[in-house]
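Please open the model in your viewer and keep the selection tool at hand. The tour goes from one selection to the next and says what is there.

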Amino acid sequence: MTLRSPIFRKLLWSAFLLIAATLVVLDFYLTRYMAQRQRENVEQRLAAQARLLTYEAAGVPRPILEPWARDAGARAETRVTVIDPAGMVLADSQHDPETMENHASRPEIQAAHRGGQGAAIRHSATLGRDLCYLAMTFAYDGKPGHILRLAVPLEDVDAAIAAVRWRILGASLAAALVALIVAYFFSRSMTRRISRLRAFAEGLVDARISGGLVADAEDELGALARSLDRMATQLRELVDRLSLESARREAILASMVEGVLAVDNELRVTFCNQSFARVVGVSGEIPQRLPLLELVRDPELLDMLTHVLVSGQSIKRRLELASAVGRTFEVQAAPLSASSHRGAIAILYDITDLERLERVRKDFVANVSHELRTPLTAIRGYAETLLEGALEDQENNRRFLEIIKAHAIRLNNIASDLLILSELESGKPPAEPERVSVRGALETAFHTVESEAKLRGVAVHGDKLEDAEVTGDKVRLEQALINLLDNAVKFNRPGGEVHVDVVRVGDDQVRIAVTDSGIGIPSEDLSRIFERFYRVDKARSREMGGTGLGLSIVKHVVERMGGSVTAESQLGRGSTFTVLLPRA
Ligand code: ADP
């Protein structure tokens, strides 16, 4: 592991390179130094021998000078040459002086003439090696200026150097071995520390960071570890902050009533909240990057998002989705960024209730107009008839005026019922909620319908009237009870009966039941009689001066007091309206 690590190899190579470079430089200087030293040694040795031999030579007679030279050469293991001041060779230990040329021009001779002693190194072609020459002046036969020259071949410098070279190589190998060991341990420690750093850094990327990184040394890696550690802390804070932020956003989006859907630029789902999942009829987890086509089948929604991705423009449309039958959505689709490369987001507002309310409002306006038109047309018609001469018609004019009055009353009734309804629907709390006695309110209602009941021959009975108090607006409660009693009288038969019961239910409720023996209500209409302007038999209701708003008012009043109203009926047998109110 360590042996194959690049750090180890680099370290080793640098060490080897350094050792090799040292070796080359060392070799170069050593060779030169050794050669120099050897030359100096040889010169010194020759100079010492020459000094001795000049003493000897000075006294050797001329005729035996040659044998002496040979003998001296053998003793000193050198070549001995004696030269006269003119450069003529007088004797030589290895050659015949006769055959030898004039030596005056040889550098060592010239140097000796100048300074008493001279040396030179020359290559000898005959011997094929370098020779060292040393010349020394001396007085021969009393005549100065003679020269004694010694010459020896220089030993093979390379041979001398080779031995040293082997030593250097040995030392270098030892150094290389040490370098190898040092590199091994150094790189092992480095590799370990770097691996630790790498693991830590990778942990940062995967956000698996836990705990800090211990900087184990004061070197560059230690500094790197410290800054990584600092960075990790900051990164952790950043990640924490971001995840908190995104959790908050997700919570907001998840809790939104509106359906939210985000897609990437390949129309894959990147986010969708519960509301959206409900709308498209999916329960459970929606996998990340699910192609939108697999989640939504509606071509219109797909088309909207594709359009947004292509054009980069926001659009808004009203859609009905196949997965949410009967519901209408207003869909707002917008690119996630100006370039639209990052995808698009769609927000689905469920506007079904809004649409229904709008429809109810329109219907209401239409109903009101319709309801007003009938009495207004009648009033106008009869007024015109009167003006056109019927005023003089003694038989009819009174009747016509009665009709006009009846329609005027109807108009008045509609107007006042509408006023009451609008006030109830405005949601304003009653001016001053008060404690109201149910029995008191009922008595007022009895009085109000008394004459009408008498007129129609209907008997109204208060059977069991337990008293109870409720909280609310007294006038409105009376109004509601009057409406119920009035209906029970109006939609009755001559000689019919109306029974009213007030019973306390449990500790906190009171039930008021109004039962009549009248015409009853068909079961299919029962659920709708509390709607505004809804009447089972329009002609009969109108004839009775009804507005179709009475039961709506009852429902509103009761519900505002925290109670409820229900109706049961048997066609032709009678109806029971039951009001349940919380007690004060
Ligand atoms: P109206 O002004 O016509 O009485 P309401 O809102 O009070 O309007 O009643 C709505 C309709 O419910 C009436 O037109 C009538 O058809 C029916 N209805 C109400 N009360 C009774 C009842 N006690 N018996 C039979 N039908 C009733």
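Select aspartate 92, which counts as buried because its relative accessibility is 0%, where buried means under 20% relative accessible area, exposed over 50% and partly exposed in between, with a 1.4 Å probe and protein chains only.

A word on how to read the model: it is predicted, with local features needing pLDDT of at least 70 and side-chain atom pairs counting only at pLDDT 80 or more, while totals for chains, interfaces and linings use all residues. Residues are numbered from 1 along each chain as its sequence is written, and side-chain values use heavy atoms, with hydrogens and water left out.

Next, select glutamate 43 and arginine 39, a salt bridge in which the closest N and O atoms are 3.4 Å apart. The two are separated by about one helical turn, because they lie 4 residues apart in helix α1; helices (H or I, at least four residues) and strands (E, at least two) are DSSP runs, numbered from the N terminus. Arginine 39 is partly exposed, at 37% relative accessibility.

Then go to helix α15 (residues 550-560), where glutamate 559 and lysine 555 are likewise 4 residues apart, about one helical turn. Their salt bridge brings the closest N and O atoms to 3.0 Å, and glutamate 559 is partly exposed at 44% relative accessibility, as is lysine 555 at 31%. To see a network of salt bridges, select Asp264, Glu266, Arg268 and Arg289; a search of the whole structure finds 35 salt bridges.

Finally, show the whole chain, which has 15 helices and 18 strands. Its radius of gyration, taken over C-alpha atoms, is 65 Å, well over the 25 Å that the globule rule gives for 584 residues, so the chain is more spread out than a compact globule; the rule is 2.2 Å times the number of residues to the power 0.38. The C-alpha trace spans about 205 × 60 × 40 Å along its principal axes.

Notes. Salt bridge = Lys/Arg side-chain N within 4 Å of Asp/Glu carboxyl O.
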